[in-house]
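Please read them beside the coordinates.

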Amino acid sequence: MTEVAINPVNRGWWYSVRAYVNKNLVNIFAGGLFLVLAIFLVYPIAAVLIKSFWGDDGLTFDFYREFFTYNFYYWSLINTLILGLSTMVILLVVGFCFAYLTTRGPEWLRKPLKIVALLPLAAPPYIFSISLITLFGRNGFINNLFNFDFNIYSWVGVIAAQCLAFLPLSYMMIENVLNSLNPSIEETAADMGATEYKIIRSITIPLAAPGLLKAALLVFVMTIAEFGNPAILGGRTPFLAPDTYLMITGEGDFNMASVLSVILILPCVVIFVLHNYVLKGKGYATIVGKATPTEKKEIIPGIKIPFMIITFAVGLLVVMSFVVILVGSFVKIVGVDNTFVMDHIVNTQSNTAIYNSIKVSLAAGFFGAIVGTLLAYVIMRGKFFGRHAMEMMALSGFALPGTVIGVGYIIAFNNPPFLLTGTIWIIILNCVFRFLAVGVEAGISKLHQISIEIEEASADLGADFLTIFFRIILPIMFSAFIAGFIYTFMTTMMSLSSVIFLVTPGFDLASVYIYLTAQLGELGLASATTVKVIFIVAIGMGILKIIARKTGFDVSKKQGA
Amino acid sequence: MENRRSPMLELVDIHKSFGDVEVLKGISSSIEKGELLTFVGPSGCGKTTLLRIVGGFTPATSGRVILDGQDISSLPPNMRNTKMVFQSYALFPHMNVRKNIAFGLTLKKWSKTEINKRVDEMLELVHMEGLGERHIDQISGGQQQRVALARALALGPKVLLLDEPLSNLDANLRVVMREEIRKIQEQIGITTIFVTHDQYEAMSISDRLLVLKDGVIQQIGSPVEIYEKPANEFIAGFVGYVNILNGKINERANGSNTFKISTTYGDIEIDSEREDIGDGDEILVVVRPESLSLKKPNSAQKLNGIKGTVLTHMYAGNHSKYSVKVGDKNIVVDQHNPKDSPRYQHNDTVELLIPRNAHILKRQ
């Protein structure tokens with residue numbers, strides 16, 4: 001019955017090789033990509049995990065015992081959780097105020113508030129450490145002005161910096177939730193006589209609750225993973241991410257650094273599971289059919305005024321931070337010696353660091369976009385087992401704390417066969433695989449728009465797989481490729497937490513240089529370098545916006561540095 | 001069909017399973033050169049799968065596809081001389097009309113002048129002269145359809161495959177494009193397979209139809225054969241309305257082609273050359289509404305009919321539609337309406353005349 005059809009024409013071995021490759025190229029690519037992901041993502045993470053259990057005498061739990069015995073260690077966990085929780089709570093309130101006003105508030109306020117809330121996206125998170133030190137530090141502008149004796153190197157400082165840094169994340173998610181609530185529900189409640197307080201309490205917040213929870217969890221994860229702010233402002237207070245760095249640079253204790261990393265991953269994993277499995281699909285989509293544009297109604301003063309006070313205060317801090325950084329790059333010391341100088345801007349070390357960063361970021365962007373595009377294609381069009389696992393792997397770099405991957409890279413690539421430590425490649429690869437997610441997602445969403453029939457049509461017209469890939473798929477996916485490229489470029493420019501483990505003395509990146517100068521109190525240099533980074537990132541963002549307008553794909557809706 | 005040439009395309013016992021589900025259960029058929037054959041059937045019948053097997057996009061589980069005498073079963077789409085127009089048209093969004101049409105030619109490494117000449121011919125063929133530089137999103141759905149057709153025809157395939165090409169167009173345009181496709185097909189005489197789920201589309205465009213259901217060929221035949229001589233109840237009900245009467249062969253006079261049939265509603269006679277039906281067989285009499293006619297009952301005249309009562313009469317100008325109750329059955333009759341022709345009202349008793357050439361089927 002089963003008759004195997006035999007091709008009557010003998011076309012020789014070259015034809016059969018080509019036919020084989022043509023038929024299986026997707027799977028061949030998939031195999032290669034699996035290998036690459038395994039080496040550059042799974043292996044470093046596994047190395048950290050192993051290192052936390054594996055001492056000089058083999059398998060041991062001593063490091064974990066040590067962690068939970070010495071208060072210096074376990075307090076860093078407790079502090080980190082406190083930092084995460086307090087930032088989360090504050091940002092839930094502040095983000096809600098911003099989102100409420102920009103979605104339901106007075107028309108004239110909406111746009112400026114939105115811009116202010118999103119402004120921190122244009123800068124690395126640790127910009128706020130520098131600005132807060134400039135404003136409230138021992139020699140701070142405001143401290144001097146009002147004769148405060150306020151210490152910014154404290155809990156307050158760290159929390160404030162974190163809140164400002166992650167304001168956009170919280171704002172975007174909450175605004176999205178509030179926008180998805182049907183205004184006529186709130187109107188119905190008002191129609192039945194509910195006051196605005198009552199509506200917020202019993203309609204808006206309960207309906208938004210699942211979305212708010214998701215926003216809160218994400219803020220929590222991003223905050224505890226953040227390295228720069230607690231490292232610069234933490235003073236003597238131990239936090240997990242900076243301590244991991246100290247463990248390696250100060251003590252050379254890779255085992256303990258691994259333990260700290262694993263402890264830092266745990267909450268991330270818990271929240272990832274919550275986010276993806278428990279909360280998945282939860283939420284109220286209350287807009288059914290066409291959303292009715294409703295008559296704008298005034299928010300009552302009892303709500304408007306407190307909300308405005310909160311948003312104005314926070315907004316003012318955001319704007320002042322940017323101003324102070326800009327001014328700080330051109331004067332000797334803000335508020336102390338306001339003479340105009342160009343020293344900070346033309347500083348050779350700073351410019352070398354910027355130059356290095358651009359070089360690394362361009363390379364990371366280029367390779368990241370290639371790997372991301374290929375992954376997206378293979379995941380969408382391949383028919384092999386484990387596509388879902390591959391997608392998870394590709395996205396994991398984004399979810400895991402940068403310090404952990406940084407530690408993983410120095411442990412994993414310190415020895416042959418993968419001896420990369422000390423080279424520029426370890427930094428590039430690290431950034432490629434950490435920021436892969438956006439390129440992959442951009443590619444996947446682009447491929448969703450392309451009918452598989454287009455590829456079949458090309459094959460029908462005589463194209464083999466490589467021709468289809470280069471002449472049809474790549475051109476169509478080009479916008480996704482560029483989006484992945486620029487996004488990786490931007491995040492690499494700003495990234496600190498991972499690369500700080502990987503740079504060698506004498507090869508500074510901009511972010512590392514900013515961190516080091518901020519630590520030394522060289523605020524002018526730190527500010528000037530930050531301004532340059534912001535300038536470069538802003539150009540990238542502008543290009544992304546143009547792409548988004550042309551193609552409908554918006555990557556600026558994602559955050560993570 | 002007198003001069004038997006070898007067919008352009010032959011399908012030999014094609015089977016296809018997806019996992020445990022067998023979607024094609026042994027399809028064999030052939031298409032003559034220049035013929036337009038339609039694969040038609042309800043959704044899920046396997047018609048698109050069969051087309052994709054012909055095009056090389058889906059491998060058959062077993063069976064062979066023979067194109068112009070050559071077994072192409074194992075060739076990938078790009079090595080087959082069949083070209084497909086996809087349901088979504090699958091035009092390349094980053095190329096203009098000309099580049100889309102030229103795509104296959106550039107892969108074949110045609111020279112620039114040859115390509116330009118060919119593309120111009122194709123644009124003329126599909127009436128798109130002067131629109132070559134347009135971008136794909138700057139032309140209408142019907143024009144996109146034309147470009148897809150031109151792109152497939154540019155390479156001069158031996159067989160053209162059309163996968164529900166009209167399903168994305170609105171109703172009026174569908175009729176226009178249907179006629180257009182048929183005209184182009186006849187003009188260049190290309191052997192074509194057309195897939196659709198729309199019976200009327202299939203009837204009006206095809207030389208022959210291949211009706212599929214549950215992965216089995218129900219009937220292959222010309223539109224007239226499908227309509228007038230359906231091979232089974234499914235086909236009978238597939239196009240248009242059909243009345244079906246249960247009956248039994250009483251007697252087939254020796255050597256004659258007259259069947260005496262008894263039904264629960266009365267005895268009738270039908271002339272047929274069917275050899276596979278004999279005395280005692282349970283059969284179905286299949287009659288279209290327009291083949292029936294109504295008469296006033298007249299005992300003096302022996303007519304080939306059965307008695308019934310008019311339930312409803314719908315006057316629609318050129319014809320009248322009657323619903324006539326015969327026993328427990330409602331029979332639909334379309335009566336032509338010349339001026340002053342007799343009309344019947346609710347509750348009138350009528351004689352329902354069965355044409356002697358009515359189609360009969362063996363009951364399954």
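1. Helix α5 (residues 127-136) of chain A and helix α14 (residues 301-328) of chain A have axes that come within 9 Å and cross at roughly 80 degrees, where axes are lines fitted to C-alpha atoms, for helices over the stretch in contact, and angles run from 0 to 180 degrees between N-to-C directions. α5(A) and α14(A) are therefore roughly perpendicular to each other, on a scale in which angles under 35 degrees count as roughly parallel, over 145 as roughly antiparallel, 65 to 115 as roughly perpendicular and the rest as oblique. On the side of α5(A) the contact is made by A:I127, A:F128, A:I130, A:S131, A:T134 and A:L135, and on the side of α14(A) by A:M320, A:S321, A:V324, A:I325 and A:G328; two residues are in contact if their C-beta atoms, placed from the backbone, lie within 7 Å. This contact of α5(A) with α14(A) has 7 nonpolar, 4 polar and no charged residues, with Ala, Val, Leu, Ile, Met, Phe, Trp, Tyr, Cys and Pro counted as nonpolar, Asp, Glu, Lys and Arg as charged, and the others, Gly among them, as polar.

2. On provenance, this is a predicted model, in which local features need pLDDT of at least 70 and side-chain atom pairs count only at pLDDT 80 or more, while totals for chains, interfaces and linings use all residues. Residues are numbered from 1 along each chain as its sequence is written, and chains are lettered from A and ligands numbered from 1 in the order in which they are written.

3. The pLDDT, which is the predictor's confidence in each residue, from 0 to 100, averages 85 in chain A, with 93% of the residues at 70 or above, and 89 in chain B, where 97% of the residues score at least 70. For the complex, the predictor gives an ipTM of 0.73 and a pTM of 0.76. In chain A, confidence is lowest in helix α9 (residues 183-191), at a mean of 74, and highest in helix α7 (residues 155-165), at 94.

4. Where pLDDT is low, the predicted coordinates should not be read in detail.

5. Chain A has 24 helices and 4 strands, these being DSSP runs numbered from the N terminus (helices H or I, at least four residues; strands E, at least two). Its C-alpha atoms fill a box of roughly 95 × 65 × 50 Å along the principal axes.

6. The domain assignment, which is automatic or from a database, gives chain A domain 1 (24-50 + 342-561) and domain 2 (61-286 + 293-338), with centres 25 Å apart over C-alpha atoms. Between them, 38 residues of domain 1 of chain A are in contact with 40 residues of domain 2 of chain A. On the domain 1 side, the largest share, 12 residues, comes from α24(A), and the residues of that side divide into 26 nonpolar, 11 polar and 1 charged.

7. Chain B is assigned domain 1 (9-229) and domain 2 (243-362), and 42 Å separate the centres of these two domains of chain B, taken over C-alpha atoms.

8. The contact between the chains takes 23 residues from chain A and 27 residues from chain B. On the side of chain A that touches chain B, α21(A) gives the most, with 6 residues, and the residues of that side divide into 12 nonpolar, 6 polar and 5 charged.
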